[in-house]
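Welcome! Open your viewer and get ready to select residues one stop at a time.

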Amino acid sequence: MANGTDGSGSVAPGRPAPWLHIVGIGEDGMDGLSPLTREVVASAEVIIGGDRHYSLAGVAGAERVPWPKPFDAMIDRIRSYKGRRVVVLVTGDPLWYSAGARIGRTIDPVEITYHPNLSAFQLAAVRMGWSMADVETLTVHGRPVEQMIAFIQPGLRLLVLTTGSETPSRIAEFLTDRGYGQSPMTVFSSMGGPREERFDGLASEWDRAVPSFNTLAVECVAAPDAALQPRVPGLSDDLFIHDGTMTKREVRAVTLARLMPMRGALLWDIGCGCGSVAIEWLRATRHGQAVGIEPRRDRRVMAAQNALALGTPGLELIDGQAPEALAGLERPDAVFIGGGLSSEIVEASLEALRPLGRLACNAVTLETEGELLRLQRDLGGELVRLQVSRAAPVGTRLGWHPQMAVTQWSLVKR
């Protein structure tokens, strides 16, 4: 259905006629397209796609344009063809982990007609007999494969678009190292075409040589001693490399509740240390972003190592001191100030926060606590004191061992 039509193929009154067609094509080529979509491709004046797409389409006569690099150059190139019959060929569903979604964020969707095909996720789910509603779908195609680590949980079913023939082996290592070596893995390639192949095995025994363009299905099976790393904030402190200065587990969970991770939202973690808050933010939300500002190199190194180990390789780390280092950054949806708090940093953070943005500040010293008292008096928000005690041996018995109290001030920008 054309975005700029009324559903019958006619252009809706007052809306421009779509000039750009983004066509999802499968391994069955033109045979897998509807008659209308086949006609769109066959009559195109300009076709943009990769060599594989041209081979699948098998059309002649149109001007063929390869994918320009970088991606932004492609957008400008597509715009330059406005007024001609333009087709962009992509794989499967143009709006599911595909270039079609990126194009639609830049070019007005009313100028685009999408022609969807079955996605690799749908094809793999059918072959596995899995309900799409009960699986996690993700892509590591052209992205750090470590991001899938955050999805390793008992009983979870994963469908993964991979980035090359070696990716299933790396994922098998991640699973095995975390106690999920008995997880069944299945790799599919060329689904829906005459060259379709399937490869099965267990993560701990994976040694299959697979084609470079593939889709991976994993059913996570946990051993009794497997790592338990839920996406809900509150990971064990032992999972982080740190120098003793970090937001501890229970306080971290409360802090993330105040920051309210949401899909696609951006966090500034000012004085991020070993990165524990930013990493838990990224694990708690799909497609979230986080920037950690940390002046100490040794702590940035720890944060980078923790981000890879815990499945959040997208954590961006900045060498700098707030508030100067905040200049030029994208406006955040949430800000956490865990160290080095000052009125200047708070003022800059509130200025940058988007409407309904969340701010949380933690303090352990009397001087910083006094600053939070003043901020709450002048700006409102909530002020709480968090005290955590853990049981520890006292002779032959147990007693409570208190940690340092944390004063937390938080507010929502209205």
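A salt bridge here is a side-chain nitrogen of Lys or Arg within 4 Å of a carboxyl oxygen of Asp or Glu. Keep in mind that this is a predicted model. By that rule, the count comes to 25 salt bridges.

**First stop.** Select Arg-258 and Glu-382, whose side chains meet in a salt bridge at 3.2 Å, N to O. Arg-258 lies in helix 7 and Glu-382 in strand 16 (residues 382–386), so this pair ties together parts that are 124 residues apart in sequence. Arg-258 is partly exposed at 25% relative accessibility, and Glu-382 is also partly exposed, at 44%.

**Next, stay with helix 7.** Select Asp-237 and Arg-252: the closest N and O atoms of this salt bridge are 2.7 Å apart. Asp-237 sits in the loop between strand 10 (214–219) and helix 7 (249–259), while Arg-252 is in helix 7, 15 residues apart. Are these two buried or exposed? Asp-237 counts as buried, at 9% relative accessibility, and so does Arg-252, at 0%.

**Now move to helix 11.** Select Arg-374 and Glu-371, which form a salt bridge with the closest N and O atoms 2.6 Å apart. The two are 3 residues apart in helix 11 (residues 366–379), which means about one helical turn separates them.

**Last stop: the cavity.** The structure holds 1 cavity of 30 Å³ or more. Select its lining residues, among them Ile-149, Arg-178, Tyr-180 and Arg-283. The lining divides into 4 nonpolar, 1 polar and 2 charged residues.

Definitions and conventions. Residues numbered from 1 in each chain as written. Predicted model: local features only at pLDDT ≥ 70, side-chain atom pairs only at ≥ 80, totals over all residues. Heavy atoms only, no water. 1 Å grid on protein atoms, 1.4 Å probe; cavity = no way out; pocket = protein on both sides within 12 Å on 5 of 7 lines; lining within 4 Å. Points joined across faces, edges and corners; volume = space filled by probe spheres on them. Nonpolar A, V, L, I, M, F, W, Y, C, P; charged D, E, K, R; others polar. Helix = DSSP H or I, 4+ residues; strand = E, 2+ residues; numbered from the N terminus. Buried < 20%, exposed > 50% of the residue type's maximum accessible area, 1.4 Å probe, protein only.
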